[in-house]
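Biologist: I am new to this structure. Please go through it with me and say what each term rests on.

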Amino acid sequence: MTCAGKADEARRLLQAGVQEIDLMPNVGFLLSGMESEYFQDIRGVVQAAENVPIKIMLELPLLNASQRKRAVAISIEAGVVYLKNASSGAVGVATVEDIRFLRVSAPPHVGVKASGGIKTAKQVRELLGAGASLVGTSSAVKILEETQDNSERQSHESTNY
């Protein structure tokens, strides 16, 4: 989608009452060294969305170390509110290292969302411990059941009979 198309869609979503927007930036701009275009792609949506928080899907598994740093810096400069490691598990599984990198790289007012391949309560705990503010998963019911099972097991283990 073009930069103008993304901004127009953000305006339409705003009119429809959305409370936050996930943005897929044109990673090709960054990979091609077109940082100004990458910035404009993001900034256009941030401006069009007004005060609606933008969560940017950085696609970290596709980027080298230098590109990762630039993606974060440009995204923050453009005004995003959340940095998200990737769009889905198809791109890459959320890792403690990636989430820690985002948390350390971002100022405190910018949140970090872990996304991709999160299937267990243990993964959720590790990602939160690494600095994630939000966790996106398609396994939420399974994870909640797992935490409930662990809670019940701990409760029974600590009971004195």
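Modeller: Two strands pair if DSSP finds at least two bridges between them. In this predicted model, an open sheet of five strands has the order S1-S2-S3-S4-S5, with parallel pairing.

Biologist: What makes S1 and S5 the strands at the edges?

Modeller: Strand S1 (21-23) and S5 each have a single partner strand, so one side of each has no neighbour in the sheet. On average, neighbouring strands of this sheet are turned by 25 degrees against each other, direction ignored.

Biologist: How do you know that S3 and S4 pair?

Modeller: Pairing needs at least two bridges, and strand S3 (residues 82-84) and S4 have three, in the parallel sense. Leu 83 has Val 112 in S4 as its bridge partner.

Biologist: What makes S4 and S5 a pair?

Modeller: The cut-off is again at least two bridges. S4 and strand S5 (residues 134-136) are joined by three bridges, also in the parallel sense. Opposite Ser 115 stands Gly 136 in S5.

Biologist: Why is strand S4 called largely enclosed?

Modeller: Buried means under 20% relative accessible area. Five of the five residues of S4 (residues 111-115) are buried, so the strand is largely enclosed by the rest of the structure.

Biologist: Which residues show that both faces of S4 are covered?

Modeller: In a regular strand, side chains alternate between the two faces of the sheet. Gly 111, Lys 113 and Ser 115 are on one side, Val 112 and Ala 114 are on the other, and all of them are buried.

Biologist: Which elements make right-handed β-α-β units with S4?

Modeller: One unit is made of S3, helix H5 (residues 96-105) and S4. S4, helix H6 (residues 121-129) and S5 make another. Right-handed means that, with the strands pointing away from the viewer, the path from the first strand over the helix to the second runs clockwise.

Biologist: Why is Ser 88 called partly exposed?

Modeller: Partly exposed lies between the buried limit of 20% and the exposed limit of 50%. Ser 88 has 28% relative accessibility, so it counts as partly exposed.

Biologist: Where is Ser 88, and which residues does Ser 88 touch?

Modeller: Ser 88 is in the loop between S3 and H5. Leaving out residues up to four places away in sequence, Ser 88 touches Ser 115 and Gly 116. The C-alpha atoms of Ser 88 and Ala 48 are separated by 25 Å.

Biologist: Which strands does helix H3 lie across?

Modeller: Helix H3 (residues 35-48) lies across S1 and strand S2 (54-57), and runs at about 150 degrees to S2.

Terms used:
Residues numbered from 1 in each chain as written. Predicted model: local features only at pLDDT ≥ 70, side-chain atom pairs only at ≥ 80, totals over all residues. Heavy atoms only, no water. Buried < 20%, exposed > 50% of the residue type's maximum accessible area, 1.4 Å probe, protein only. Helix = DSSP H or I, 4+ residues; strand = E, 2+ residues; numbered from the N terminus. Contact = heavy atoms within 4.5 Å. Axes fitted to C-alpha atoms, helices over the stretch in contact; angles between N-to-C directions.
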